[in-house]
Amino acid sequence: MHSKEPIKPGGGLISGLIANFLAILTFLGVISFHFPEYLTTPDLRAVYDIDIIRKMMFGALVIAGSLGMLNFLRGKSRRLGLMACFFVILSIALGGHRVEVIDFSDNTPYLGLDWFILDLLGSSVVFILLEKLVPFRNQSVLRKDWQTDLNHFLLNHLIVGFVLLASNMFVHTYFSWAINTDIQNIVKDMPFILELFIILLAADMMQYWSHRAYHEIPVLWRLHAVHHSIKHMDWLAGSRQHIIEIFITRSLVLVPVFVMGFSKEVIDVYVIIVGFQAVFNHANVQISFGPLKYIFVTPQFHHWHHSSDEAGLDKNYALHFSFLDYLFGTAVKGEQEWPDGYGVVSDYVPKGIIKQQAFPFTWDGTSKNNKAN
């Protein structure tokens with residue numbers, strides 16, 4: 001798990017990791033079936049097709065068990081094989097894909113374990129494949145510090161319920177005064193494509209200025225430096241964020257969405273787009289977008305934002321539309337195609353999720369160069 005070398009086929013490590021990946025996710029799925037009121041996301045419960053989920057869980061158990069047993073019998077990566085078999089047996093002992101879901105209340109506090117399972121499964125399949133098909137750097141899937149970013153990924157998904165609740169309370173409490181029914185009616189009467197463009201632009205304007213504030217205001221940089229401490233860009237890198245920054249950013253972006261009164265259909269599509277772009281922009285992929293790179297944010301554009309090169313410091317803040325940075329004079333211009341390196345200048349952010357969550361409150365702010373990047 002801690003190997004710094006690329007994984008080579010034939011040693012059983014790849015099949016062992018796939019087996020454990022599926023076995024552990026299925027085990028978590030079984031636990032979610034047992035406690036749906038506390039471990040599943042209310043918005044997702046309404047759209048689940050339980051039969052399809054059960055078939056996916058059964059298939060995952062079969063694949064994980066088969067690969068795990070094969071590794072053990074072949075004598076390759078036996079520990080991984082045994083671990084996968086352990087989680088498969090444990091899942092089956094707890095009911096496996098046949099766990100019955102009884103009636104439960106929808107008003108309980110919850111952790112988004114189901115969202116973590118589905119997002120990790122979907123994102124890893126799509127983006128790992130994409131990074132292998134069109135990679136920018138020749139980089140191992142389990143690159144250095146991947147464990148820290150997976151922990152951030154898990155934490156961010158588990159607290160999704162709290163963040164949404166807290167953000168909604170904040171916006172409704174302090175920005176209800178800004179609601180204008182005439183404006184909301186105009187927005188709702190717009191064609192779908194125009195309304196979608198407006199919500200993306202409004203959200204990105206808020207994102208741009210709040211993001212810029214994280215770089216230019218020292219107390220906010222303490223939070224944002226955690227995100228910039230990543231040195232290896234890939235689909236998992238964007239997950240490294242401080243929980244306070246997550247709450248602040250989502251609350252601010254929610255303000256124009258709440259005030260302008262966008263339709264549910266547009267908001268649903270916006271959530272999909274922002275979720276995809278947040279991962280894609282950090283991915284280790286090299287795709288040419290031609291002149292569109294001056295309109296939309298691309299991985300190349302956002303990689304420069306994470307660069308430790310002097311040319312990339314405090315640049316490229318937008319999330320959706322790169323033309324905002326060109327408009328406000330913060331776009332990287334006339335430089336080489338890709339940056340040389342990533343991370344915080346002087347590398348003063350500690351490693352590990354616990355130390356990184358504590359970092360804003362423990363850093364003296366003067367011992368190192370605190371220039372953003």
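Mentor: Happy to! Let's start at Gly96, which lies in the loop between helix H5 (78-93) and helix H6 (113-133); helices (H or I, at least four residues) and strands (E, at least two) are DSSP runs, numbered from the N terminus. This is a predicted model, where local features need pLDDT of at least 70 and side-chain atom pairs pLDDT 80 or more, while totals for chains, interfaces and linings use all residues. Residues are numbered from 1 along each chain as its sequence is written, and side-chain values use heavy atoms, without hydrogens and water.

With 4% relative accessibility, Gly96 counts as buried (under 20% relative accessible area; exposed is over 50%, partly exposed in between, with a 1.4 Å probe and protein chains only). Leaving out residues up to four places away in sequence, Gly96 touches Val30, Met57, Leu61 and Ser91, contact meaning heavy atoms within 4.5 Å. Thr26 sits 70 residues from Gly96 along the chain, yet their C-alpha atoms are separated by 8.1 Å.

Now for the charged pairs. The structure holds seven salt bridges, each a side-chain nitrogen of Lys or Arg within 4 Å of a carboxyl oxygen of Asp or Glu. One of them joins Asp145 and Lys351 at 3.6 Å, N to O. This pair links distant parts of the chain, 206 residues apart: Asp145 is in the loop between H6 and helix H7 (146-158), and Lys351 in the loop between helix H15 (323-328) and helix H16 (353-362). Asp145 is buried at 18%, whereas Lys351, at 48%, is partly exposed.
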